[in-house]
Amino acid sequence: MKTAIRATAAVAALVLGITGCGSGDYDTSAGGEQTPASSPQPDPTVEKSVGTELERKDAQEVMRLSEEAMTQAESMRVKGTVDLDGVETEMEIALDKGGSCEGRMSQPTGGFEFIGVEGHGYMKADEKFWRANSEESQEVEDIMVDLFADRWVDMGEDEDISGFCDLGELMGDTSDAGSDPSATKGEKKQHDGVEVIPVTTKEEGGTTTGLVANDDDAPYILEMTNETEDGTVEKMTFSDFDKPIEVTAPADAVDLNDLAGGAEA
């Protein structure tokens, strides 16, 4: 799960960049219950003829309020492309504050799906992934592929998995949100049918721009783009706020502990 863990760090860096710690459109295609009244979703069909309080605030205050909204969300979906050690990585993860998650990641060298339930992790990777991450002999590598490729593997309970699937840990410490003096606010605009306010921050090596929903009740960050001086672009979208994450452990997962016990016997 090391690749997944590094991707979490990349996502967190992007989130923190716009909320002040350094660093969608609302996707209505997914199922689930209605959003709780305590965390309302912005309605893109409502015309804002008189404007919002949010759009009259400065960049730092917009950042602070968006951070507050993001940290109060009980669950969300994160999707996009990040650069991990110079490799373009596509990822998508739905996660909540209870430690449940499901998602996928892919690189040119392979990809995998994963599920997390209360700190217990499961992974299903393709053959390319297992071979690219193997440090074993060809013979052992072939055995690994036969055993694990395209099958769910029980990774056991692990603090790294817990951290990866915990929305609270993903958001991290945002206590100084809104304190970045480099923050600037752009003109409000439409983004996939939702009115947003762009907020851009500058740091050494690049800039990060977040699109904040122009909604006084739910000023979520819907998209974040990080552009570095060398031309690398990382983009993440955030959606499905407060939609329940319903995941179950795969019934047919290969248990690594059982295999290890059999080998020792």
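Visitor: What should I know about the model before reading it?
Guide: The model is predicted, so local features need pLDDT of at least 70 and side-chain atom pairs count only at pLDDT 80 or more, while totals for chains, interfaces and linings use all residues. Residues are numbered from 1 along each chain as its sequence is written, and side-chain values use heavy atoms, with hydrogens and water left out.

Visitor: Which residues touch the most other members of the largest nonpolar core?
Guide: A nonpolar core is a set of buried Ala, Val, Leu, Ile, Met, Phe, Trp, Tyr and Cys residues joined through side-chain atoms within 4.5 Å, where buried means under 20% relative accessible area, exposed over 50% and partly exposed in between (1.4 Å probe, protein chains only). Here the largest core has 50 residues, of which Trp130 and Phe238 touch the most other members.

Visitor: How is a pair of aromatic rings described?
Guide: One gives the distance of the centres and the angle of the planes. Rings of Phe, Tyr and Trp (its six-membered ring) pair if their centres lie within 6.5 Å, and planes under 30 degrees apart count as stacked, over 60 as edge-to-face and the rest as tilted. By this rule there are 5 aromatic pairs; Phe112 and Phe114 form a tilted one, 6.0 Å centre to centre with 50° between the planes. Trp130 and Phe148 form another tilted pair, at 5.2 Å and 40°.
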